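Reader: I've got the model open and I'd like to go through the labels one at a time. Can we set each value against its cut-off?

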Amino acid sequence: SPPKDPHETAEPVVPLFVDRYFICWYKADVKGKSCEDHCLPQHSNRICVTTLAESHPVLQSGKTIKSIPCQISTNCSRLQNKVSGKFKWGAQFLTELAPLSKIYCSDGEEYTVSSCVRGCSMEVNENILHKLSILQEKPSTEGYIAVELPKFEESKNITEGLLTQKQYEVMVKMH
């Protein structure tokens, strides 16, 4: 019999939680800004998570994050979003282009993270505010930006205008 490949594993590879329960959708060039791509994993229960896509400038080498404020305007902070109960009382309603936070980098560049889906803001990931590096180190898991719940009647249409994983990969190769 042929020799075993040392890189071959006897154990089956277990898919990550995100790979198993979520379908990833992508929004390219958010608000017309080149490469400012967002990834939107959607759970089978319709909840969406907003993360930065791997092509986003903040995730490219050499970028250092200085701060991630969630104060959108004088009267609006995403951190004041307190959701309770079955009907999600207190949730802020978001449009597709509603800003969730800003990201300020040490090179002076500034990026806005947008919701990309219509729905209720369930939470903003406060962990990224306390440990800025996890946004870059683990953007698709612990470094997520926010969680949103699309309206039930709109949940089947929220993927209109979004790219599938394969479409996104083709688009990135073309850039």
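Reader: What makes strand β8 and β9 a pair?

Author: Two strands pair if there are at least two bridges between them. Strand β8 (residues 99-105) and β9 have five bridges, so they count as paired, and the sense is antiparallel. One spot to look at is Y104, which stands opposite E110 in β9. Keep in mind that this is a predicted model.

Reader: Why are β4 and β9 called edge strands?

Author: The sheet is open, with three strands in the order β4-β8-β9 and antiparallel pairing. β4 (65-67) and β9 (110-114) each pair on one side only, and they are the edge strands. From one strand to the next, the twist averages 40°.

Reader: How do you know that β7 and β10 pair?

Author: The cut-off is at least two bridges, and strand β7 (residues 93-94) has two with strand β10 (residues 119-124), so the label holds. They run antiparallel, and F93 stands opposite C120 in β10. β10 also pairs with strand β11 (residues 146-150), again antiparallel, through five bridges. There, C120 stands opposite L149 in β11.

Reader: What makes Y26 and Y168 a stacked aromatic pair?

Author: Two numbers. Ring centres must lie within 6.5 Å, and planes under 30 degrees apart count as stacked. The structure holds one aromatic pair: Y26 and Y168 sit 4.0 Å centre to centre with 0° between the planes, so they pass as a pair and as stacked.

Reader: Is H38 buried or exposed, and how do you know?

Author: Buried means under 20% relative accessible area. H38 has 0% relative accessibility, so it counts as buried. H38 is found in strand β2 (residues 38-43). Leaving out residues up to four places away in sequence, its contacts include W25, Y26, K27, H56 and C116.

Reader: What makes the approach of H38 to S114 a polar contact?

Author: The limit is N or O atoms within 3.5 Å, one able to donate a hydrogen and the other to accept it. A polar atom of the H38 side chain lies 3.1 Å from the backbone nitrogen of S114, so the distance is inside that limit. S114 is also among the residues that H38 touches.

Reader: Why is N127 called partly exposed?

Author: N127 has 49% relative accessibility, so partly exposed is the label. Its place is in helix α2 (residues 127-130). The C-alpha atoms of N127 and I145 are separated by 9.3 Å, and the two residues are 18 apart along the chain.

Reader: Which residues of the largest nonpolar core touch the most other members?

Author: V58, I103, L135 and I145, out of 17 residues in that core. β8, β9 and α3 (133-137) are the elements that give two or more residues, and β8 gives the most, with three. Among the contacts of I145, not counting residues up to four places away in sequence, are L100, V113, V124, I128 and L135. As a rule, in soluble globular proteins nonpolar side chains tend to be buried together.

Key:
Residues are numbered from 1 along each chain as its sequence is written. This is a predicted model: local features need pLDDT of at least 70, side-chain atom pairs count only at pLDDT 80 or more; totals for chains, interfaces and linings use all residues. Side-chain values use heavy atoms; hydrogens and water are left out. Helices (H or I, at least four residues) and strands (E, at least two) are DSSP runs, numbered from the N terminus. Buried means under 20% relative accessible area, exposed over 50%, partly exposed in between (1.4 Å probe, protein chains only). Contact means heavy atoms within 4.5 Å. Rings of Phe, Tyr and Trp (its six-membered ring) pair if their centres lie within 6.5 Å; planes under 30 degrees apart count as stacked, over 60 as edge-to-face and the rest as tilted. Axes are lines fitted to C-alpha atoms, for helices over the stretch in contact, and angles run from 0 to 180 degrees between N-to-C directions. A nonpolar core is a set of buried Ala, Val, Leu, Ile, Met, Phe, Trp, Tyr and Cys residues joined through side-chain atoms within 4.5 Å.
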